[in-house]
Amino acid sequence: MGNRGSSEEGTIMGEDGHTPRLYEEVKRLDPQKWPIMYSPAYNIGFLGMEKLHPFDSGKWSKVYAFLLEAGMVKPESIIAPVEATRAELLVTHTEKYLESLNTSYNVAMVVEVPPVAILPNFIVQNRLLKPFRYQTSGTVMAGKLAMDRGWAINIGGGFHHCSSGEGGGFCAYADLTISIKFMFEHLDGIRKVMIVDFDAHQGNGHENDFSGDERVYIMDMYNRWIYPNDRRAKEVIKKKIELDVHTKDDTYLAHIRNQLPHALDAFRPDVVVYNAGTDILVGDPLGILDISAEGVVERDRLVFDEVRRKRHIPIFMVTSGGYQRNNSRVIADSILNLHKEGLITAPSEDPHIGEQLGDEAARLRPQEEGEGQAMTNGAVAEGDEQREESMEEDLN
């Protein structure tokens with residue numbers, strides 16, 4: 001599966017020598033924790049330079065704070081991932097690429113913040129790349145949790161522009177590729193994986209990584225007129241939906257209702273990786289689409305309904321792009337709505353959670369047809385942008 005690394009670099013395998021270290025971390029978890037990944041180590045901040053990129057580098061802490069405020073989770077009920085080691089990154093990345101990140105200029109090009117080039121690399125490693133490594137391990141652990149629990153959410157991750165040998169678009173590590181490779185190598189019953197990428201930008205990183213790999217089916221819906229417009233990577237997409245600028249809710253959601261069920265039924269994946277970028281929101285300076293906050297919440301409901309409720313396929317979600325101050329509120333509202341609709345449940349709400357965790361066979365999704373049931377649309381949680389500034393001050 002790639003270079004397992006030396007002891008100085010860290011190791012893929014855990015203490016038993018057979019289970020990956022990150023999967024051992026999952027095994028040790030209290031089964032009453034939510035399969036939601038977040039750590040304060042996710043957040044980026046150094047000398048204010050992070051503000052030179054439109055990405056809200058503190059949005060992950062705000063999503064978490066909104067979930068706390070709503071009473072859905074408690075600090076002790078979510079899962080804090082560990083930092084990914086070099087050996088774990090080498091599951092996908094080349095030595096040459098990882099070495100390139102030891103030069104601040106190269107990192108500046110990846111994250112598109114030119115002043116980073118003048119910073120000492122130890123600052124870049126600790127304040128910028130380390131948060132990305134924590135989020136990357138969160139995506140790997142989310143894959144294992146989804147197979148154990150049926151679903152998982154990493155409040156970070158979704159670095160879909162990064163491939164094994166090249167970063168870009170504020171994406172330094174290929175967390176989606178790494179997580180999928182871990183599943184193929186170390187989880188029984190994983191033969192086919194579907195990536196559903198609904199970020200506003202084309203997911204050229206994972207597309208280049210899985211070129212020619214028939215085990216991976218990629219559905220990608222994106223604005224055709226913006227970065228990265230990677231023509232070679234587009235050839236890898238099995239279900240491609242190219243949008244025009246300022247696409248609105250009705251058109252956008254109709255694509256999902258019409259195309260996602262067909263893709264799922266044609267490929268019948270063992271797990272779905274859902275890249276749920278919120279740069280589709282109206283007003284986003286980079287996504288340039290016109291999807292409302294309610295449309296984002298309905299998008300996520302449709303995906304979880306088709307995948308999890310109707311077909312009983314494990315799914316894990318990452319939050320990916322989003323370049324406005326209200327993104328964190330919308331992400332939190334969507335997660336709260338998934339819970340309200342019964343599409344994600346706390347362990348205490350699931351009478352079968354003990355059986356799922358104790359029975360390896362529970363990893364394999366049911367194959368019978370007709371196991372899903374219809375659901376009604378729920379109300380969308382109201383936004384609360386007025387509190388966001390004071391919340392950001394409290395978190396800093």
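I began my browsing at R268, which sits in the loop between α10 (249-267) and β6 (271-275). A reminder to myself: this is a predicted model.

**Backbone at R268.** I looked up phi here and found a positive value of about 50 degrees, although R268 is not a glycine. Most residues other than glycine have a negative phi, so I gave this one a flag. Is R268 buried, partly exposed or exposed? Its relative accessibility is 27%, so I noted R268 as partly exposed.

**Backbone at S320.** I then turned to the loop between β7 (315-318) and α12 (327-340), where S320 is found. S320 is not a glycine, yet I read a positive phi of about 55 degrees for it. The relative accessibility of S320 is 6%, so I put this residue down as buried.

**Cavities.** How many of 30 Å³ or more does the structure hold? I found four. The largest cavity holds about 100 Å³ of space. I looked up its lining and got 14 residues; G158, C171, S320, G321 and Y323 are the ones that lie nearest its centre. By class, I noted five nonpolar residues, eight polar ones and one charged one in the lining of the largest cavity.

**A cis bond.** Last, I checked omega from Y227 to P228 and found a cis peptide bond, with omega near 5 degrees. P228 lies in the loop between β4 (216-223) and α9 (231-234).

Key
Residues are numbered from 1 along each chain as its sequence is written. This is a predicted model: local features need pLDDT of at least 70, side-chain atom pairs count only at pLDDT 80 or more; totals for chains, interfaces and linings use all residues. Side-chain values use heavy atoms; hydrogens and water are left out. On a 1 Å grid over the protein atoms alone, a cavity is a set of points where a 1.4 Å probe fits but cannot get out, and a pocket is an open set with protein on both sides within 12 Å along at least five of seven lines; lining residues have an atom within 4 Å of a point. Grid points are joined across faces, edges and corners, and a volume is the space filled by probe spheres set on the points. Ala, Val, Leu, Ile, Met, Phe, Trp, Tyr, Cys and Pro count as nonpolar, Asp, Glu, Lys and Arg as charged, and the others, Gly among them, as polar. Helices (H or I, at least four residues) and strands (E, at least two) are DSSP runs, numbered from the N terminus. Buried means under 20% relative accessible area, exposed over 50%, partly exposed in between (1.4 Å probe, protein chains only).
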